[in-house]
Amino acid sequence: MKTSLDYGKECCDALMKRYKPEKLPPEGSLFYIQGVFLSGMQHIYSLSGDEKYFNYVKAYVDSTIGKNGELYGFCHELPIPAVAEKTRRALTMLDFKQPAVLMYQLYDKTGEEKYRRVIETIAESMYFWPVNRYGGYWHMMTQPFQMWMDGAYMAGPLSVMYAARFGGDILRDRAIRQIFIMNDFMKDKKTGLYYHGWDDSAAIQGFSPMPWADPVTGLSSQIWGRAVGWYAVAILDMLDYIPKDHPDVPRLKKIECDLLVALPAFQDEKTGMWYNVLDKPGKKGNWVESSCTSLFIYSYAKALRTGILDEKYAPVLEKAYSGLCDSLYYDENGDLTVDNICIGTCIDEGTYEHYIGRERLKNDLHGAGAFIMMCAEMQRLTEQMKREKSDEI
């Protein structure tokens, strides 16, 4: 019987066979799509010790930064046609921040200063990132006053990691504040889930809310599974780097637990997986989606392992993990395949039809990364349970 670590390694291997590290899409840029996948790979390296995973991450990062740690949009240009577009996007999107988390393992193992410089450049750019009237980070500078749930993951862990390692309580506390703002303004009180986006521009003179935003609340109309999944993961990963006696820790844990307590009501009865439009299981056109399911499994496993969630929720985890594993298959080349991954999704018009009509991909980096991260966390939980059982004997 295969372990979760086995599955994680097989998924890494399938994508390593498909892509040379410098060819990971979108090619030539340091971006969260690759960052999510490679974050998962770093977890697998930590558990397995197989150097090929470390070397692959290093080769990718080295292909996207300058020899002294220069970055697109800050201080680095390459002679390729897409530079202008990459520069604009790097300067204006939270999504370009997430790969900073990759640099710590690279820096710690190699001691190369270029990785520390990348950490500093990205983390310290958050001191100057625009915020709404409550202090919430805009998801994109080109879309003023909008917060998206997945932004919690793009900016949160990197900020608290930097604060823990290099100092910077302001960045840490701002990252915590994002979690609280989202909980206060983007949570659906009926379901305990969170809307994908919130546009606060109606309160600002000269600005009009986006077409997808409710004219009163500013909220989008739909609850997108993967965005909620990143929020859950962000809180747990941030807690790893926030001092245990920090006064905000109890509230962070409560927000996480409240979400995990709410999620079982929306599991698919047959598979235990969760749906692309999270709060509408079984509605016509909706479909069970692998990346959000992976992120929720990760969250249950980590919350159980760290003791912040009651063990009575272990069956929720077991059902979801079993269902996701049952959905895996091997393609004609013998490569492990994670299917039914929602393609990257902006809010756009924000309708139900928009979300269910999004393309479903196989081994897309978003979903593969979420899956690999989940495999690593399930392995950690399994190993901890074995140790605890052994100690009882």
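Modeller: Gladly, and keep in mind that this is a predicted model.

Colleague: What makes a space a cavity rather than a pocket?

Modeller: In a cavity a 1.4 Å probe fits but cannot get out, whereas a pocket is an open set. The residues lining the second largest cavity are L94, Y137, H139, M147, W148, G151, Q178 and M182.

Colleague: Now the open spaces. What is the volume of the largest pocket?

Modeller: About 490 Å³. It is lined by 23 residues, and Q42, H43, V101, M161 and Y241 are the closest to its centre. Helix α7 gives the largest share of the lining, 5 residues. At least two residues each come from α2 (32-48), α5 (103-110), α7 (151-166), α11 (290-305) and α14 (365-392). By class, the lining has 9 nonpolar, 6 polar and 8 charged residues.

Colleague: And which helix supplies the largest share of the lining of the second largest pocket?

Modeller: That is α14, with 6 residues. The pocket has a volume of about 380 Å³. Its lining has 13 residues, with L304, A314, E318, L381 and M385 closest to the centre. Helices α11, α12 (314-327) and α14 each supply at least two residues. The lining divides into 7 nonpolar, 2 polar and 4 charged residues.

Colleague: Which residues touch the most other members of the largest nonpolar core?

Modeller: Y231, W274 and F371, in a core of 140 residues. A core member has to be buried and joined to others through side-chain atoms within 4.5 Å. Take Y231: leaving out residues up to four places away in sequence, its contacts are M149, A152, I179, M182, N183, Y194, I255 and L259. As background, nonpolar side chains in soluble globular proteins tend to be buried together.

Colleague: On to the rings. Why is the pair of Y134 and F185 called tilted?

Modeller: The whole structure has 17 aromatic pairs. In this one the ring centres are 4.4 Å apart and the planes stand at 40 degrees, so the pair is tilted. Stacked needs under 30 degrees and edge-to-face over 60, with the rest tilted. The pair links distant parts of the chain, 51 residues apart: Y134 sits in the loop between α6 (113-125) and β1, F185 in helix α8.

Colleague: Are those two residues buried, exposed or partly exposed, and what are the values?

Modeller: Both are partly exposed: Y134 has a relative accessible area of 28%, and F185 has 29%. Buried would be under 20% and exposed over 50%.

Colleague: What makes Y153 and W230 a stacked pair?

Modeller: Their planes are 25 degrees apart, with 4.2 Å centre to centre. The limit for stacked is under 30 degrees. Y153 is in helix α7 and W230 in helix α9 (residues 225-239), so the pair ties together parts 77 residues apart in sequence. Y153 and W230 are both buried. Elsewhere, F31, Y32 and F96 form one aromatic cluster.

Colleague: Now the backbone. What kind of peptide bond joins P25 and P26?

Modeller: A cis bond, with omega about -5 degrees. P26 lies in the loop between α1 (4-18) and α2. Most peptide bonds are trans, and most residues other than glycine have a negative phi.

Colleague: What is the phi of N340, and where does N340 lie?

Modeller: Phi of N340 is positive, about 55 degrees, although N340 is not a glycine. N340 lies in the loop between β4 (336-337) and β5 (341-342). N363 also has a positive phi, near 55 degrees. N363 is in the loop between β6 (360-361) and α14.

Colleague: How do you know whether N340 and N363 are buried or partly exposed?

Modeller: By relative accessibility. N340 has 27%, so N340 counts as partly exposed. N363 has 4%, so N363 is buried. The limit for buried is under 20%.

How values were computed
Residues are numbered from 1 along each chain as its sequence is written. This is a predicted model: local features need pLDDT of at least 70, side-chain atom pairs count only at pLDDT 80 or more; totals for chains, interfaces and linings use all residues. Side-chain values use heavy atoms; hydrogens and water are left out. On a 1 Å grid over the protein atoms alone, a cavity is a set of points where a 1.4 Å probe fits but cannot get out, and a pocket is an open set with protein on both sides within 12 Å along at least five of seven lines; lining residues have an atom within 4 Å of a point. Grid points are joined across faces, edges and corners, and a volume is the space filled by probe spheres set on the points. Helices (H or I, at least four residues) and strands (E, at least two) are DSSP runs, numbered from the N terminus. Ala, Val, Leu, Ile, Met, Phe, Trp, Tyr, Cys and Pro count as nonpolar, Asp, Glu, Lys and Arg as charged, and the others, Gly among them, as polar. Buried means under 20% relative accessible area, exposed over 50%, partly exposed in between (1.4 Å probe, protein chains only). Contact means heavy atoms within 4.5 Å. Rings of Phe, Tyr and Trp (its six-membered ring) pair if their centres lie within 6.5 Å; planes under 30 degrees apart count as stacked, over 60 as edge-to-face and the rest as tilted.
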